[in-house]
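User: Could you walk me through this structure, please? I would like to begin with its surface.

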Amino acid sequence: MQFQKTPGWLDWYQGPSKPKFQLPAGAVDAHCHVFGPGEEFPFAPERKYTPCDASKHQLFALRDQLGFARNVIVQATCHGADNRAMVDALLHSDGKARGVATVRRSVTDEELQAMHDAGVRGVRFNFVKRLVDFTPKDELMEIASRIARFGWHVVIYFEAVDLPELWDFFTGLPTTVVVDHMGRPDVSKPLDGPEFELFLKFMRDNPNVWSKVSCPERLSLTGPKALDGEQAAYRDVVPFARRVVEEFPDRVLWGTDWPHPNLKDHMPDDGLLVDFIPHIAPTAELQHKLLVANPMRLYWPEETQEA
């Protein structure tokens, strides 16, 4: 099937640089996506955007170029609850990828088991209204209860302003909960202001809550952008991400977010994005937890337990 990209769509950065930051051995890119290819894995009819193709082969080439050992592939909203592209990538990863799916209430236990066997270890609940249609919270809670039996976790994507109204639902989830991109803080507001303090309280009060400290290219308002060799990109995001890493070193993850869906004004060089990491995790110990120990414990626990 032929698909026409959303007008103005920015394709991912071709020929990313080699990072200057040396990733620790076994590093995991814990948040990335595959799109299609649309001719093989059609995009969902209910999608809010139509992306470029971004195949498993291109993702794995990027993994090797940047120096990561593994990926966690998160179901993209443009594929809805049709997880075939993501699962296909897992099955072709030689065990180097795990997945986070999107499922509906109608999913069968057999389908969940098949996804588990392929490497899925979580489901994503998206509360960003411009990306998805509303799903009743009772349906989401039912799904969370069913996937808990598999030892899966729930990934939640929301914007900072919506945390108060979602608090009770989030704190009632029966699994580990992973927040995408620090709950998208407004980095023009104070680091110690009420909005970000509420997010930190959310993590302090709920030891089952983790956070990805990823996507500075989405959160930054003043840059500079990760382009043209910039070694200190997205400086306005650094204090927020570093605060989370230093306060919750055992509950943080990082990922590229490749191929960066729905970016509007620029497409970052992924090599320079990797060079953002030592600004938010300044010590070797913090870097190892962020990039190796934490994602391995969450996504490959069987290897962690053997070690």
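**Surface and fold**

Analyst: The protein chain exposes about 12,700 Å², and carbon and sulfur atoms supply 51% of that area. Accessible areas come from the Shrake-Rupley method with a 1.4 Å probe, and for residues only the protein chains shown count as cover. This is a predicted model, in which local features need pLDDT of at least 70, side-chain atom pairs count only at pLDDT 80 or more, and totals for chains, interfaces and linings use all residues. Residues are numbered from 1 along each chain as its sequence is written, and side-chain values use heavy atoms, leaving out hydrogens and water.

User: How many helices and strands does the protein chain have?

Analyst: There are twelve helices and eight strands. Helices (H or I, at least four residues) and strands (E, at least two) are DSSP runs, numbered from the N terminus.

User: In what order do the strands form the sheet?

Analyst: The open sheet runs E1-E2-E3-E4-E5-E6-E7-E8, with parallel pairing; two strands pair if DSSP finds at least two bridges between them. Its edge strands are E1 (28-32) and E8 (252-253), each pairing on one side only.

User: New topic: is Ser214 buried or exposed?

Analyst: Ser214 is buried, with a relative accessible area of 1%. Buried means under 20%, exposed over 50%, and partly exposed in between (1.4 Å probe, protein chains only).

User: Where is Ser214 found?

Analyst: Ser214 lies in the loop between strand E7 (209-212) and helix H7 (216-219).
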